[in-house]
Amino acid sequence: MAYAQKIIRNPQTGQQIRFLRTGRDTCGQLLEMEATFAGNSAKPVAHYHPYQAEDFRVVSGRLTVQVGDQTKVLGPGDTLHIPRHTVHAMWNASPDETVVNWQVTPALTTDHFFETVFGLASDGTAGASGRPPLLQTVLLVQYFSAVFRLARPPRTIQRVLFSLLSPVAYLAGYRPTYPKYLD
């Protein structure tokens, strides 16, 4: 369970998140985090949030941001607002560490999503990119669809494909969440 000052790490990507204020602290209104991106981090998968907006403020370093088809680099003090339903990805393409203040409104279950994904990576079940295997991803994307959606393939194709793959994922022993990551 996320709480203020809890730190989670993804050893595959080098990303760290320190929760500053959780949905529990703010009656579900806000999740505020301090995210640290390792130098030369990999570009994550393009995604969007159907019901949430995100606000970023670069504390130190440089953050590369792709919003739609546009890519730009933010530096210390720069801010960025990502409205809901906006496809984006962000990473640190510079050699130095980057620290970002990151706010998600409303909070919903975003903290549980990060705890699960980072927990899987810490247990070695994610690939070198930090992404879980396909069958695990199928269950994560379905379970956390209110807070995280892949930009590709189109949502209709994801629904059909993932509904076919989810029974296989369960039979293979995957679950959408794991209690040990939410402690």
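At 11% relative accessibility, K6 counts as buried, where buried denotes under 20% relative accessible area, exposed over 50% and partly exposed the range in between, as computed with a 1.4 Å probe on protein chains only. The structure is a predicted model, in which local features need pLDDT of at least 70 and side-chain atom pairs count only at pLDDT 80 or more, while totals for chains, interfaces and linings use all residues. Residues are numbered from 1 along each chain as its sequence is written, and side-chain values use heavy atoms, with hydrogens and water left out.

The partner of K6 is E115, and the two residues form a salt bridge whose closest N and O atoms are 2.5 Å apart; a salt bridge is taken here as a side-chain nitrogen of Lys or Arg within 4 Å of a carboxyl oxygen of Asp or Glu. This pair joins distant parts of the chain, since E115 belongs to helix α1 and K6 to the segment before β1 (7-10), 109 residues apart. Helices (H or I, at least four residues) and strands (E, at least two) are DSSP runs, numbered from the N terminus. Like K6, which is buried, E115 is buried, with a relative accessible area of 2%.

In the whole structure, 4 salt bridges are found, one of which is formed by the side chains of R21 and E32, at 2.8 Å from N to O. Because R21 lies in strand β2 and E32 in strand β3, this pair ties together parts that are 11 residues apart in sequence. R21 is partly exposed at 37% relative accessibility, whereas E32 is buried at 11%. A salt bridge is also formed by the side chains of D123 and K180, at 2.9 Å from N to O. D123 is placed in the loop between α1 and α2 and K180 in the segment after α3, so that parts 57 residues apart in sequence are tied together. D123 is partly exposed, with a relative accessible area of 41%, and K180 is exposed, with a value of 52%.

Strand β3 (residues 31-37), to which E32 belongs, is mostly covered, with 6 of its 7 residues buried. It pairs in the antiparallel sense with strand β2 (residues 15-21) over 5 bridges, pairing being assigned if DSSP finds at least two bridges between two strands. Within this pairing, R18 has E34 in β3 as its bridge partner. Strand β3 is also joined by 7 bridges to strand β10 (residues 98-105), again in an antiparallel arrangement, and here the bridge partner of T36 is V99 in β10.

Attention then turns to helix α2 (134-143), in which Q136, T137, V138, L139, L140 and V141 are buried. The buried residues of α2 pack against α1, β11 (149-150) and α3 (155-171), contact being defined as heavy atoms within 4.5 Å.

Helices α1 (110-122) and α2, together with β5 (53-60) and β9 (88-91), each supply at least two residues of the lining of the largest pocket, and α1 gives the most, with 5 residues. The lining comprises 21 nonpolar, 11 polar and 4 charged residues, where Ala, Val, Leu, Ile, Met, Phe, Trp, Tyr, Cys and Pro count as nonpolar, Asp, Glu, Lys and Arg as charged, and the others, Gly among them, as polar. A pocket is an open set of points on a 1 Å grid over the protein atoms alone, where a 1.4 Å probe fits, with protein on both sides within 12 Å along at least five of seven lines, and lining residues have an atom within 4 Å of a point.
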